[in-house]
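Here is a short briefing to read beside the structure. Keep the sequence and the coordinates open as you go.

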Amino acid sequence: MTRKTLVAALVLAAASRCAPPQPTTTTGTAAEAGSVLAVTHARIYPVSGPAIADGTLLVRDGKILELGAGIAVPEGSGVLDAKGKSLIPGLVESHSHMGFKWLNVPAMGRNNNEFRNPVNAEVRAIDGLTSHDAAFAFSLAAGVTTMNITTGSRVPNSGQAVVVKLRGGSIEDMFFAEGGMKFAIRVADERPGFPRTTEAVRELLASELRSARAYLDAQAAAASSGAAPPPRDLKLEAFGKLLEKKMVVGVHAHSEEDMRHAIALKKEFDLDLYIHHAQGTISLVDELLEANVPISFGPILPFMNEEDPVLLGPIRLAERGGKASFHQDHPDGHQYFLRHDAALFVRKRMPEDQALRALTVNPAALFHLEDRIGTLEPGKDADFVLLDGPPLDYESLVTHVFIDGRLVFDRARGFNVFGERVPEGW
Amino acid sequence: MKPLLPALALLAAAVSASSAQEQPVAIVGATILTGTGETLQDGTLVFRGGKIESVATGAAAPEGASTIDGKDLFLTPGLIDAYSEFGIEGDNTDRANVLAPGRDVLVSFQPDDDSLWLRSGVTATYVSPGGRNLLGGYGAVVKLTGAVVRERAALAASFGETALDAFEVPTTRQGMVGLLRQTFVRAREDSLVGDGGEAIGRVLAKEIPLHALVNTPDDILTAIRFAKEFDARLVLVSAMGGHEVASQIAAASVPVIVSPSIIGIGDGGPYEGFAHTPRNAARLHEAGVTVALATFARGGRSVALEGVMAKAHGLPMEAALAAVTRDAASVLGVGDRLGTLEAGKDADLVLWKGQPLSTWAETRRVIVDGVTRFER
């Protein structure tokens, strides 16, 4: 039986923007339709179930074909021997501004807060992003494969987020799903016409939602009576999607008080809503569970100390069945630390499986993508990460990253699909 | 000597009163990492009156000593964060004067009496007057309890991006260094107007080092040139691009204070952080440079995490521990009191469950000047 090595099997997949450093044969590779890539002898953490000590993962056409112990490797498969390595689902960053604040150069970095109005629901992140942000390359090295990129939090509503996969190429190439609406319970900018208290922010958002309700009602009435519909209003249309639960809303809220405003909006309008940052969680576990509001907690490292009592919030929420995710909020936080955040929570006695869920399937579920990504199961997207040690050990490094079955990062070969130089070590 | 602020004096008094116990205390049965490179299995450390009396393998506790069980625990010196803004609130920059060599960071030092860093095993830190003024004044070495170990320990300088961002003029790096040179020349001939002459004079007399916060490889070499020109002792601070010029830094015998976790370009950091890598500490160490680790922060992750990261990225365990204990103390000029577990040194001690500077290490007890300040 001829088994191709990883090199033959995978590097070619890196089609998008830059050539791999040492191109090899183009025949019989897993990147070809129908061919199989087998990752063997890995310690696999499917997240949907218990870890598999000596596991094989089979990939075909960008999807997971099969995984488990003692699985036969089909003849002609490309094989990557992952002995001594851990294999986890690609990490999902639920809250980022990557591609807005390009290289932190001020002239390039003002793209994530639209200040034209306090409410800018018609604005879409995908229209303002650049894929030429070196941080995308860093993020692959940190094991992130999917990322929700949101507009900013300095206005009550800065627009709509976008979920991308870090597969290289343009932002369009990276598009994966809508990321939902952004609300910010915050007073960050005191320009004329903008609310001056968080209560006023909540009331402004509520009043726009009521206007959207009236807009939907007027459309329905026009449709049933055959009259001319009201003039199209993209802002109210977008808020109308929130009322119809066709779009999720992610709310920026840090304190307990601000989080209460978010929960109240969820209850009043029956929204599909989650809260990001959520530092006040420790005081609101009952309320979050009762209102079925998931949280995305962060940024954590390097800003928070491991002894900080607010860390207990996500732990208490998760142990009672609530959903917590972690995020790094680039460029406020550093993508490198997303996995370390989870380790920090394990130190604080969160079970390892819950901490891994908070990096993978829980953030995927915020955007209703949990059937496609976030765990390793047959039929799901082949987005996975190999590490040279336990996944939640600070001293482990990501060695390989695959998205849709294609190799996008290979540390040893110095290959990154974004083609940017990642300084050694990240 | 400048008198301590009233609040500080009170704190210092409280500490000395409670640490002046005459009874010896023995920590028995611990794996002792002394910070000098030695590891003692089943070690016994005895301290009294806030000072270490003895460190030995398998020794019995002395007569009359109270004991702390160190079985299954590691004992290290208290960790030292070699550059932070601990105890500083608000702006740490003199916005009115790009040159502010006469400032003393202790004037605005108001430590929190319940620091999370202390719980993480940090017992001392250098408090910097910030990295924005071309000359920012004196920094100090303090305990996390607020006690001052060494005031006026260094003179802070910065001529990189952070300083350029903060002031309208000078507008260039070369302009900043030109102004710095003019200022040092005036101080040397004693014709400097204002209160900065004393601080620069101490640098010229090699009583204290010049702490230069610079990041690009070329700025680092400029700092080394400048220090040679004035025969000053130099400590490089931040030095994200240090690994690219590690051999020149080593040849000049200049120590560095770095933060492996600091954010470089591409992930939100300063533009001049383009060369940053968490391998910086390891690369500098391999070249023979003395490395101390720091957070550059006021809170958040402790310097213990910097040690873990440096270790994860190639710094050997022994060097990583030294970089947060012995070498940090020596770079900061307090090696006579802090940084190692040796008789006569301050009883700043940490008991750990789990290998120190690993992902899963957790503090069990933190002792400062012989007084238990945190116990889990």
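The model is predicted. Chain A has 11 helices and 17 strands. It splits into two domains, domain 1 (6-89 + 377-416) and domain 2 (91-366). Strand β15 of chain A links several of the topics below: it is buried, it pairs with β14(A), and it contributes to the side of domain 1 that touches domain 2.

**Overall make-up of chain A**
- Chain A holds 426 residues, and 56% of them are buried.
- Take the contacts in chain A between residues at least 6 apart in sequence: 68% of these join residues at least 24 apart.

**Domains of chain A**
- Domain 1 of chain A is written as two segments, 6-89 and 377-416, while domain 2 of chain A spans 91-366.
- The centres of domain 1 and domain 2 of chain A, taken over C-alpha atoms, are 31 Å apart.
- Contact between the two domains of chain A involves 19 residues of domain 1 and 25 residues of domain 2.
- On the domain 1 side of chain A that touches domain 2, β5 (86-89), β15 and β16 each supply at least two residues.
- β15(A) gives the most to that side of domain 1, with 3 residues.
- By class, that side of domain 1 of chain A has 13 nonpolar, 4 charged and 2 polar residues.

- Is β15(A), residues 398-403, buried or exposed? Of its 6 residues, 6 are buried, so the strand is largely enclosed by the rest of the structure. The cut-off for buried is 20 or more other C-beta atoms within 10 Å.
- Strand β14 (residues 384-387) of chain A pairs with β15(A) in the antiparallel sense, over 4 bridges.
- Opposite Phe384(A) stands Phe402(A) of β15(A).
- Strand β16 (residues 406-410) of chain A also runs antiparallel to β15(A), and 4 bridges join them.
- His400(A) has Asp410(A) of β16(A) opposite.
- β15(A) and β16(A) form a hairpin with 2 residues between the strands. In this hairpin, Asp404(A) takes a positive phi near 50°.

**Cis peptide bonds in chain A**
- Most peptide bonds are trans.
- The bond from Leu301(A) to Pro302(A) is cis, with omega near 0°. Pro302(A) lies in the loop between β12 (295-297) and α8 (312-319) of chain A.
- The bond from His330(A) to Pro331(A) is also cis. Its omega is near 5°. Pro331(A) is placed in the loop between β13 (324-326) and α9 (338-347) of chain A.

- Most residues other than glycine have a negative phi.
- His368(A) has a positive phi, near 60°. The loop between α11 (361-366) and β14 of chain A holds His368(A).
- Why does His368(A) count as partly exposed? His368(A) has 13 C-beta neighbours inside 10 Å.
- In chain B, Ala239(B) is not a glycine, yet its phi is positive, about 45°. Ala239(B) sits in the loop between β11 (234-238) and α7 (246-251) of chain B.
- Ala239(B) is buried, because 32 other C-beta atoms lie within 10 Å.

Methods: Residues numbered from 1 in each chain as written. Chains lettered and ligands numbered in written order. Predicted model: local features only at pLDDT ≥ 70, side-chain atom pairs only at ≥ 80, totals over all residues. Buried ≥ 20, exposed ≤ 12 C-beta atoms within 10 Å, placed from the backbone. Pairing = 2+ DSSP bridges. Domains from an automatic or database assignment. Contact = placed C-beta atoms within 7 Å. Nonpolar A, V, L, I, M, F, W, Y, C, P; charged D, E, K, R; others polar.
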